[in-house]
Amino acid sequence: MNERDGTSYRLSIIWARDEALLQKMKIAIIGAAGRLGAALTREYGRDFEIAGFDRSQLDLGRLDRIRSLLSEAEFDLLINCAALTNVDYCESHREEAFLVNAEAPHLLAEIANGKSAKLVHFSTDYVFDGKQQVPYSEEDKPAALGIYGESKLEGERRVREVSSHNLVVRLSWVFGPDKPSFIDQIMQRARENDAVVAVADKFSSPTYAIDVANWLRLAIDKSANGILHLANRGGCSWQEWAQYAIDVCRRLGIPLKAERIGAVSLADMKNFLAQRPVYTVLSTEKFAALTGVQPRHWREAVAEYISVHLSRK
């Protein structure tokens, strides 16, 4: 048995469905204060030993800090939720984007590999150019339109070249209770204004952070590696997503001023510096085949989010 086979075997044993073994798993989460990282930290903290690092503790722009902090840490699984995600900022800060989104993940992969640990690295639908009209699978060729997508794509490559056991997970339009996202912004505007608009000609898959936590656990349990798409089922535009959220609020009796979401186009967004891909709906057929689980529709996830979290505000 070679070193990599030994690592795979050890991980599969740790993730076996034995409660005593599960509780021994040590997981380090980078970006623990973010929308996704906070959800993972909370959900996994019920069963595993978690070490969470926010940006003040571990900034991916400081490679020396990464080395010193993580070299001393003990973990069986390293999850990187952190990134430089401001698409327009990346467009005018190429060097910083590649440092945070590519060089730092490569270092994380090397550190994890040195500990015989697995790295889960989160990436983005922006690695695609959006010219396709059917959901993108893991086998479709990436072709990023801007610096953000290019830097994330390079990060994927560098993580995978360190170890074939690492897992790159692509997400799109993440929302959740731990940090405001598009859906929260829309709700706030709808409370304050009679007229609210959203882009109607850009399409992707809304993705609930709490669902991601559950799906990832299933995928790791099946020894997933390589690239995996995770997203709630179905696709929509920002306008459709926003209108559905408004409709859910009204059914729940949540008071809003706005009743309809007006349409604007990407071309109308003059404040956008970087080009955005038009269509990046992600296929989750690989995940379903691997785990036997079909992700629930984005509408169901949005309705739950609003009912459980936003209705209390």
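The following dialogue explains how to read several features of a predicted model.

Visitor: What conventions apply to the numbering and to the side-chain values?

Guide: Residues are numbered from 1 along each chain as its sequence is written, and side-chain values use heavy atoms, with hydrogens and water left out. As this is a predicted model, local features need pLDDT of at least 70 and side-chain atom pairs count only at pLDDT 80 or more, while totals for chains, interfaces and linings use all residues.

Visitor: How is a sheet read, and in what order do the six strands stand here?

Guide: Strands of a sheet pair through backbone hydrogen bonds, either parallel or antiparallel. Strands (E, at least two residues) and helices (H or I, at least four) are DSSP runs numbered from the N terminus, and two strands pair if DSSP finds at least two bridges between them. In this model, six strands form an open sheet with parallel pairing, in the order β2-β1-β3-β4-β5-β10. The edges are held by β2 and β10 (226–229), each with a single partner strand, so one side of each is left without a neighbour in the sheet. On average, neighbouring strands are turned by 20 degrees against each other, direction ignored. Within the sheet, β4 and β5 pair in the parallel sense over five bridges; S123 has R170 of β5 as its bridge partner.

Visitor: Which strands does α6 touch, and which does α9 lie across?

Guide: Contact means heavy atoms within 4.5 Å. Axes are lines fitted to C-alpha atoms, for helices over the stretch in contact, and angles run from 0 to 180 degrees between N-to-C directions. Here α6 packs on the sheet, touching β1, β3 and β4, and its direction makes about 160 degrees with that of β4. Helix α9 lies across β3, β4, β5 and β10 and runs at about 135 degrees to β4.

Visitor: How does the span of α6 compare with the expected value, and where does α6 bend?

Guide: The expected span is 1.5 Å times one less than the number of residues. With 21 residues (94–114), α6 reaches 29 Å from its first C-alpha to its last, close to the expected 30 Å. A bend is the angle between axes fitted to the seven residues ending at a position and the seven starting there; for α6 this is about 30 degrees at V100.

Visitor: Is α3 mostly covered or mostly open, and what covers its buried residues?

Guide: Buried means under 20% relative accessible area, exposed over 50%, and partly exposed in between (1.4 Å probe, protein chains only). Helix α3 (residues 35–44) is mostly covered, with seven of its 10 residues buried. The covering elements include β1 (26–30), β2 (49–53) and α9 (209–221). Among the buried residues of α3 is Y44, which has 2% relative accessibility.

Visitor: What arrangement do the rings of Y44 and F48 have, and what of W173 and W241?

Guide: Rings of Phe, Tyr and Trp (its six-membered ring) pair if their centres lie within 6.5 Å; planes under 30 degrees apart count as stacked, over 60 as edge-to-face and the rest as tilted. The whole structure contains 13 aromatic pairs. The centres of Y44 and F48 are 5.9 Å apart with planes at 85 degrees, so this pair is edge-to-face. For W173 and W241, the centres are 5.6 Å apart and the planes at 10 degrees, so the pair is stacked. W173 lies in the loop between β5 and β6 (174–175) and W241 in helix α10 (residues 238–251), so the pair ties together parts that are 68 residues apart in sequence. Both W173 and W241 are buried.
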